[in-house]
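Reader: I am new to this structure. Can you walk me through how to read a ligand site?

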Amino acid sequence: MIACTASVTEVAERAAAVRRRIEAAGADPTAVTLVAVTKGFDRSAVDLALAAGLVDMGENYAQELLAKVDPAKVDAAKADPSARWHAIGRLQRNKVRALAPHVALWQSVDRPELGAEIARRAPGASVLVQVNVSDEPQKGGCRPEATAGLVGALAAEGLAVRGLMAVAADGGPGAARPGFRRLRRLADDLGVVERSMGMSADLEAAVAEGATMVRVGTALFGPRAERGGMRK
Ligand SMILES: *Cc1c(COP(=O)(O)O)cnc(C)c1O
């Protein structure tokens, strides 16, 4: 993880620019949740985002999320309420327990066993089902055909299934858009509200297809340290 060297003003301006992009794509920017993805950056990025008025933070890796929780703010419930934390990455079951006090929305639930563990450690928690809308083997998410069954299984565990999430196909907004459309249709068919889709490079396509939540890293914080120390 590296420090984010942007200023609060810069991050606030970039957030405003993201909201203008959302508006230009045809949505009311106040109706689309902007999740600030701080992966690759240390706590400095969270503090900048909070100071810039953002509250929703997305983390891919359990270790990074736990490292960024502010110990000074951990309350009696053993949670850090300084931000609304979203777990957005591939998740192993054995990480759920440590994350449970902090995570407000589990966005990447892709199998019933993971849901059962979340229900055990955080009863009634809010979740999204991640769907592999592009059928790419390297992408996370359940098969589109399995979505309805998984939503039902999670609800039966007592979890609050708020909606669906997807990471689009690589290859730019044009390649991403059919997947976004597919996620929208699935969510409509299942009667769930949230559609978490769209990142820095393709958020217009996602918003045009009905995103209610976009997950944005690079456009807010700049290039990040990739795992293993490489920079992208
Ligand atoms: C990294 C990541 C993002 C943000 O990507 P940017 O291109 O930096 O905006 C969003 N969602 C997921 C699941 C990610 O892993």
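Reader: Which side chain has an N or O atom 2.6 Å from an oxygen atom of the ligand?

Author: Look for pairs of N or O atoms within 3.5 Å. In this predicted model, the side chain of R224 supplies such an atom, 2.6 Å from a ligand oxygen. K39 has a polar side-chain atom 2.7 Å from an oxygen atom of the ligand.

Reader: How much of the ligand's accessible area does the protein cover?

Author: Start from the area that the ligand has on its own. Here that is 390 Å², and the protein covers 90% of it.

Reader: Which residues are around the ligand?

Author: Count those with a heavy atom within 4 Å of it. Among them are V37, I88, V167 and M199. Sorted by class, the shell holds 5 nonpolar, 4 polar and 3 charged residues.

Reader: What pocket does the ligand take up?

Author: The ligand takes the space of the largest pocket. That pocket holds about 860 Å³ of space. It is lined by 33 residues, and K39, N60, V167, M199 and R224 are the closest to its centre.

Reader: How many lining residues of the largest pocket fall in each class?

Author: The lining splits into 11 nonpolar, 11 polar and 11 charged residues.

Methods:
Residues are numbered from 1 along each chain as its sequence is written. This is a predicted model: local features need pLDDT of at least 70, side-chain atom pairs count only at pLDDT 80 or more; totals for chains, interfaces and linings use all residues. Side-chain values use heavy atoms; hydrogens and water are left out. A polar contact is a pair of N or O atoms within 3.5 Å; within protein, one must be able to donate a hydrogen and the other to accept it, and residues adjacent in sequence count only if both atoms are side-chain atoms. Accessible areas come from the Shrake-Rupley method with a 1.4 Å probe; for residues, only the protein chains shown count as cover. On a 1 Å grid over the protein atoms alone, a cavity is a set of points where a 1.4 Å probe fits but cannot get out, and a pocket is an open set with protein on both sides within 12 Å along at least five of seven lines; lining residues have an atom within 4 Å of a point. A molecule sits in a cavity or pocket if more than half of its atoms lie within 2 Å of its grid points. Ala, Val, Leu, Ile, Met, Phe, Trp, Tyr, Cys and Pro count as nonpolar, Asp, Glu, Lys and Arg as charged, and the others, Gly among them, as polar. Grid points are joined across faces, edges and corners, and a volume is the space filled by probe spheres set on the points.
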